[in-house]
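Hi,

Here is the structure I said I would pass on.

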Protein chains: 2
Amino acid sequence: MRLHYVTSNEKKFREAELILHREPHTLPHLEFIHAHIDLDELQGMPEDIITHKTNRAFEEVQAPVIVDDISFGLNALKGLPGPYIKTFLYTIYPEGLWELASHYEDRRCSASCYIGLRLPHEDQCHVFSGHIEGTVVEPRGSQHCGRISWNNIIVPDGSTRTAAEMTLDEFSQISPRNKALSQLKEFLHNMESQN
Amino acid sequence: MRLHYVTSNEKKFREAELILHREPHTLPHLEFIHAHIDLDELQGMPEDIITHKTNRAFEEVQAPVIVDDISFGLNALKGLPGPYIKTFLYTIYPEGLWELASHYEDRRCSASCYIGLRLPHEDQCHVFSGHIEGTVVEPRGSQHCGRISWNNIIVPDGSTRTAAEMTLDEFSQISPRNKALSQLKEFLHNMESQN
C-alpha cells in the first residue's frame with residue numbers, strides 16, 4: 001500500500017520515512033510518498049483540527065494519507081496559543097514568544113504533535129499523538145527543521161538544553177512528533193501483521 | 001429577497017436587523033432571517049476566514065447569507081491574537097488578556113469586524129469591514145452582547161470609557177460591527193435601487 005505523507009516540509013517527510021522504515025519493524029509492504037499540499041486548517045481543538053485536515057487531505061489526494069499538526073502552549077496562558085502556534089511563531093517569532101512568557105512567573109509549557117491517518121475503505125481517520133513538557137527560555141541553539149520553530153525556546157523536562165541545542169538524535173528520543181510517529185508505526189505494523 | 005443572517009447570537013442578529021432596516025434606507029424589499037448555525041472557521045488571514053465562512057454558510061443554507069467575524073489584536077503582539085480572539089477570551093478571559101497586555105509598554109489595540117455577503121447567482125462573496133483602535137485597560141463595565149467579549153478592556157480612541165461602559169447607543173456610533181454593517185447596508189441599498 002502507498003501512503004501519502006502530506007507536508008509542505010520535505011525534511012520532515014524524510015525524517016518520518018526513516019523512522020517508519022527503521023528496524024525492527026520496517027513495514028516492508030508500505031511505501032511512503034511525499035505529498036506537498038497546502039491544506040486549509042480549521043480553528044478549534046487540536047483533535048478536531050487534525051481530523052478535518054486529514055479528511056481534507058484524503059479528499060484531495062484520493063488515496064491513503066498521513067497528516068501531522070503541532071500545538072505549543074504556555075501554562076500561564078492555559079495552553080495558548082496551542083494550535084495557533086505557527087501564526088504566533090511567524091508573527092512575533094520565538095523571541096516574541098519568549099518575551100511574552102518571560103513576563104509570567106510560571107514559564108512551564110508543553111508541545112504536542114497530532115498525526116492523522118486515513119485508510120482506504122474507512123470513513124474516518126485514526127489520530128495518534130505525542131507530548132512533551134518543559135520550560136520556556138530565551139532562544140538558544142539553531143532550528144532542526146530549518147524553519148522557525150518553538151525548538152529553541154523549550155528546555156524539555158530532564159534536560160538543561162533547549163531542543164534546538166540537542167543533536168537531532170537526542171531530540172528524536174523525546175520529540176512529540178517522533179512519539180506520535182511511533183504510535184502510528186505500531187498501528188501500521190499490527191495492520192501489516194494481520195494481513 | 002430573503003437574506004439569512006448566520007450567527008449563534010440572537011441578540012447580535014436583532015441589532016443588525018434594526019440597523020439594516022433603519023431610516024433613511026429601510027431596504028423594504030429585503031427580509032432578514034436569523035439562521036442559527038455553527039460554522040467551521042479556518043485558520044488564516046481575516047479576509048480568508050470570512051470568505052470561507054460565508055461560502056460554507058451559503059452551501060449549508062442554500063440561500064443568500066450574511067456572516068460576520070471579529071478580530072482583536074494587540075499592537076505589542078503585532079495584531080495577535082487577531083482572528084483567534086474568541087479562543088483567547090474563552091480560555092483566559094478578558095482579565096487574562098488585560099494581564100497579558102499590561103506587561104507591555106505599548107498597550108495599543110485594534111478591533112475589526114468582517115461581514116461576508118453571498119448572493120444568489122454569484123460565485124463569490126462580498127466582504128465589508130469596520131475597524132476601531134484604542135488602548136487596553138483593566139476590565140471595566142458590563143458586556144453589551146451578554147457574552148464574554150473584548151468590550152470591557154478597550155478604551156476606544158477619543159473616549160475615556162471602555163466600550164462596555166458606554167451605552168449601547170454610544171458604542172453603536174463607533175462599533176466595528178456597525179461600521180461594517182453600514183457598508184453592507186449601502187451596498188444592499190444600491191442593489192435595491194438598481195433593480
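**Cysteines, an arginine and the interface**

Let me start with a cysteine: Cys113(B) has 0% relative accessibility, so it counts as buried. Its counterpart Cys113(A) is likewise buried, at 0% relative accessibility. Bear in mind throughout that this is a predicted model.

Since we are on cysteines, how many disulfides are there over all chains? The count comes to zero. For that count, two cysteine sulfur atoms would have to lie within 2.5 Å.

Cys113(B) also turns up among the contacts of Arg177(B), and that arginine deserves a look of its own. Arg177(B) sits in helix H5 of chain B, which covers residues 176-194. Is Arg177(B) buried or exposed? With a relative accessible area of 6%, Arg177(B) is buried, because the cut-off for buried is under 20%. Its side chain reaches the backbone oxygen of Lys12(B) at 2.8 Å. Lys12(B) is also one of the residues in contact with Arg177(B) once neighbours within four places in sequence are left aside.

Now to how the two chains go together. Chain A can be laid on chain B by a turn of 180 degrees with a shift of 0.0 Å along the axis, and the RMSD is 0.0 Å. That is the relation of a two-fold axis. Which residue of chain A comes closest to that rotation axis? It is Leu42(A), whose C-alpha is at 2.1 Å.

As for the interface, 21 residues of chain A are in contact with 21 residues of chain B. Of the interface residues of chain A, 100% are also interface residues in chain B, so the copies meet through the same surface.

The area buried between chain A and chain B is about 2,000 Å², and carbon and sulfur atoms give 66% of this area. Helix H3 of chain A (residues 85-102) gives the most to the side of chain A that touches chain B, with eight residues.

What about polar links between the chains? Four residue pairs are in polar contact between chain A and chain B, counting pairs with both residues at pLDDT 80 or more. Salt bridges across the interface of chain A and chain B come to zero.

Over to you!

Key
Residues numbered from 1 in each chain as written. Chains lettered and ligands numbered in written order. Predicted model: local features only at pLDDT ≥ 70, side-chain atom pairs only at ≥ 80, totals over all residues. Heavy atoms only, no water. Least-squares fit on C-alpha atoms with pLDDT ≥ 70 in both. Contact = heavy atoms within 4.5 Å. Buried < 20%, exposed > 50% of the residue type's maximum accessible area, 1.4 Å probe, protein only. Buried area = accessible area lost by both parts, 1.4 Å probe. Salt bridge = Lys/Arg side-chain N within 4 Å of Asp/Glu carboxyl O. Polar contact = N/O pair within 3.5 Å; in protein donor to acceptor, adjacent residues only side chain to side chain. Helix = DSSP H or I, 4+ residues; strand = E, 2+ residues; numbered from the N terminus.
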